[in-house]
Amino acid sequence: MARTGVETSLSELAARAADAAVARRRLRAADGGRLVLGIAGPPGAGKSTLARGVRDELNLYAGTRIAEVAPMDGFHLSNAQLRDAGKLARKGEPDTFDVAGYIELLRRVREAEPGQPIPWPTYSRELHEPVPGGVVFDHQTIVVTEGNYLLLDSGEWAAVRPLLDETWYLDVPRPIIEKRLVRRHIRGGRSAADAKSKVEHSDLRNARLVERTRFSADLVLRKSGRGYRID
Ligand SMILES: Nc1ncnc2c1ncn2[C@@H]1O[C@H](COP(=O)(O)OP(=O)(O)OP(=O)(O)O)[C@@H](O)[C@H]1O
Ligand SMILES: [Mg+2]
């Protein structure tokens with residue numbers, strides 16, 4: 001169990017992920033596969049930023065590409081699918097993702113022997129659409145998957161947790177999330193009023209749902225100075 005209230009850096013976090021990968025390899029030597037680190041947290045918490053940071057540290061440390069990010073956001077339903085289902089205005093809520101597709105690919109990437117290419121979809125904030133095969137897993141042995149709903153314990157999402165070997169929750173004060181999200185929606189083309197309304201009526205509702213999963217993570221982190229603090 002990690003000590004709480006202590007500062008930690010990206011490189012210490014990467015070392016923790018690498019240790020987990022070694023431990024998993026020892027435990028599951030017979031079935032090979034990859035270690036899956038899951039980073040959960042509310043919208044706008046900085047999950048994608050942390051996931052990329054940990055990946056880059058791991059790759060730098062190893063001197064080769066041992067880690068890659070597998071974003072849950074790649075499984076957003078397309079805008080056409082959401083429109084047809086009457087869900088476009090609620091984009092980002094738990095039932096606006098291809099949850100079964102995410103679980104299936106996560107299982108595959110976790111269990112497959114590294115080497116064989118497995119494409120993973122990403123999400124474009126410019127196009128506002130998923131991008132099929134945005135990233136490809138091949139020789140990497142560590143998967144950093146990140147998204148809002150990784151730790152939900154009900155409905156379809158509950159099948160994700162057993163596929164995560166190590167889980168981190170990235171916490172952030174509400175007022176900071178609100179500011180970041182409004183700014184991002186405006187950058188994405190919304191008016192200030194629209195951006196505020198989307199945050200109030202959709203993003204914050206999602207944030208409250210996600211916040212209830214905080215307790216079940218192995219590690220709770222908060223941004224602090226140049227690094228993170230273990231809460
Ligand atoms: N540690 C940080 N310090 C300051 N700003 C940050 C930090 N991490 C992320 N941000 C900013 O906050 C915003 C959200 O970050 P990011 O996209 O990583 O969050 P996210 O949790 O992946 O969001 P989403 O759930 O919407 O995908 C971005 O504008 C990013 O630049
Ligand atoms: Mg993100």
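Of the 15 residues around ligand 1, the ones that come nearest are K47, S48, T49, R184 and K223, where a residue counts as near if one of its heavy atoms lies within 4 Å of the molecule. This is a predicted model, in which local features need pLDDT of at least 70 and side-chain atom pairs count only at pLDDT 80 or more, whereas totals for chains, interfaces and linings use all residues. Residues are numbered from 1 along each chain as its sequence is written, chains are lettered from A and ligands numbered from 1 in the order in which they are written, and side-chain values use heavy atoms, with hydrogens and water left out.

**Ligand 1**

- Among the polar contacts (pairs of N or O atoms within 3.5 Å; within protein, one must be able to donate a hydrogen and the other to accept it, and residues adjacent in sequence count only if both atoms are side-chain atoms), an oxygen atom of ligand 1 lies 2.7 Å from an N or O atom in the side chain of S48.
- A polar backbone atom of G44 is 3.0 Å from an oxygen atom of ligand 1, and an N or O atom in the side chain of N148 is 3.3 Å from an oxygen atom of the ligand.
- The protein buries 73% of the 630 Å² that ligand 1 exposes when taken alone, with accessible areas computed by the Shrake-Rupley method with a 1.4 Å probe and, for residues, only the protein chains shown counting as cover.

**Salt bridges**

- The structure holds 15 salt bridges, each being a side-chain nitrogen of Lys or Arg within 4 Å of a carboxyl oxygen of Asp or Glu.
- Side chains of opposite charge can pair when their charged atoms come close.
- E68 and R55 form a salt bridge whose closest N and O atoms are 3.0 Å apart, and this pair links strand β3 (residues 67-71), which holds E68, to helix α2 (residues 47-62), which holds R55, across 13 residues; helices (H or I, at least four residues) and strands (E, at least two) are DSSP runs numbered from the N terminus.
- E68 is buried at a relative accessible area of 11%, and R55 is likewise buried at 18%, where buried means under 20% relative accessible area, exposed over 50%, and partly exposed in between (1.4 Å probe, protein chains only).
- R125 forms a salt bridge with D73, with the closest N and O atoms 3.7 Å apart, and the pair joins the loop between β4 and β5 to the loop between β3 and α3 (79-84), 52 residues apart.
- In that pair R125 is partly exposed, with a relative accessible area of 41%, while D73 counts as buried at 18%.
- R214 forms a salt bridge with D171 at 2.6 Å between the closest N and O atoms, linking the loop between α6 (192-211) and β8 (219-224) to strand β7 (residues 166-171), 43 residues apart.
- R214 counts as partly exposed at 29% relative accessibility, whereas D171 is buried at 9%.
- K87, R90, E93, D95 and R205 are joined into one network by salt bridges that share partners.

- L82 is found in helix α3 and is buried, with a relative accessible area of 0%.
- Leaving aside neighbours within four places in sequence, L82 is in contact (heavy atoms within 4.5 Å) with L77, K87, L88, K91 and T96.
- L82 and F97 are 15 residues apart in sequence, and their C-alpha atoms are 9.3 Å apart in space.

**Backbone at H128**

- Most residues other than glycine have a negative phi.
- H128 has a phi near 60°, a positive value in a residue other than glycine, and this residue lies in the loop between β4 (118-124) and β5 (129-137).
- H128 counts as partly exposed at 32% relative accessibility.
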